[in-house]
Amino acid sequence: TRGPSTSLFDESDIFGRQTEIETLVDRLLSVDADGKKYRVIPIVGMAGVGKTTLAKAVYNNEKLKDRFDLKAWICVSEPYDASRITKGLLEEIGSSNLMVDNTLNQLQIKLKESLKGKKFLIVLDDVWNDKYIEWDDLRNPFAPGEIGSKIIVTTRKESVAEMMGSRPIIMEILSSEFSWPLFKRHAFEKRDPKEHPELEEVGKHIAKKCRGLPLALKTLAGLLRSKSEVEEWRRILRSEVW
């Protein structure tokens, strides 16, 4: 599994996701006609496609400012640990008096009390666990929240979205139209590609080879941002590692 995520992001790092951002913002601002207190919105896609980046973009979106009483971001990942997740959510919303030896029951009671009557936005990033019984236990404290509360879940597994019973947002790979600009932003941050035509040519081939995966584009661009010899760029292009 990958390292933990945070909610911080650079707005200039978003390429080609405007439709997904608008769709997700609209769903976050909607109130369910069936009167449910909260709604889960899963974001599903392969590794490195930009699920967490989309969640960050929306979590920090101006349209959502002041629309929720409480906001919390927690990286779930593996191994799944309900106590760690619950405690992390409590810390995010500013709860104090958390003891190291608090039981899951004590933590859940505190979270339930903290969310009571509040309209909340919670992000559960990188969820792998698709066991319904464990999800059912984890979500118990969310029930007393105010109508309009939302939970965003990012996951690689369609089974997680199905288990939560919600219509997911499916993340597709970036089109070539946006792959090169993203790669260029990170590889040529302090350089003008037009002044390095050989690097630009090889860079476009590398970007194409990344097959629209933002994480791959950023990772390889990061490797090359300090390299000025075209042969070093060609070596990456020829590499059999990817």
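Predicted model: local features only at pLDDT ≥ 70, side-chain atom pairs only at ≥ 80, totals over all residues.
Residues are numbered from 1 along each chain as its sequence is written, and side-chain values use heavy atoms, with hydrogens and water left out.

Strand S4 spans residues 149–155, strands (E, at least two residues) and helices (H or I, at least four) being DSSP runs numbered from the N terminus. Seven of its seven residues are buried, so S4 is largely enclosed by the rest of the structure; buried denotes under 20% relative accessible area with a 1.4 Å probe, protein chains only. In a regular strand, side chains alternate between the two faces of the sheet. In S4, Ser 149, Ile 151, Val 153 and Thr 155 point one way, while Lys 150, Ile 152 and Thr 154 point the other way.

S4 pairs in the parallel sense with S1 (residues 38–44) over seven bridges, and in the parallel sense with S3 (residues 120–125) over four bridges, pairing requiring at least two DSSP bridges. Val 40 stands opposite Ile 151, and Leu 124 stands opposite Val 153.

In helix H3 (residues 82–92), the buried residues are Ala 82, Ile 85, Thr 86, Gly 88, Leu 89 and Leu 90, and these pack against strand S2 (70–75), helix H4 (104–115), S3 and H5, contact being defined by heavy atoms within 4.5 Å. H3 is followed by Gly 94, whose phi is positive, near 85 degrees.

Methods:
Buried < 20%, exposed > 50% of the residue type's maximum accessible area, 1.4 Å probe, protein only.
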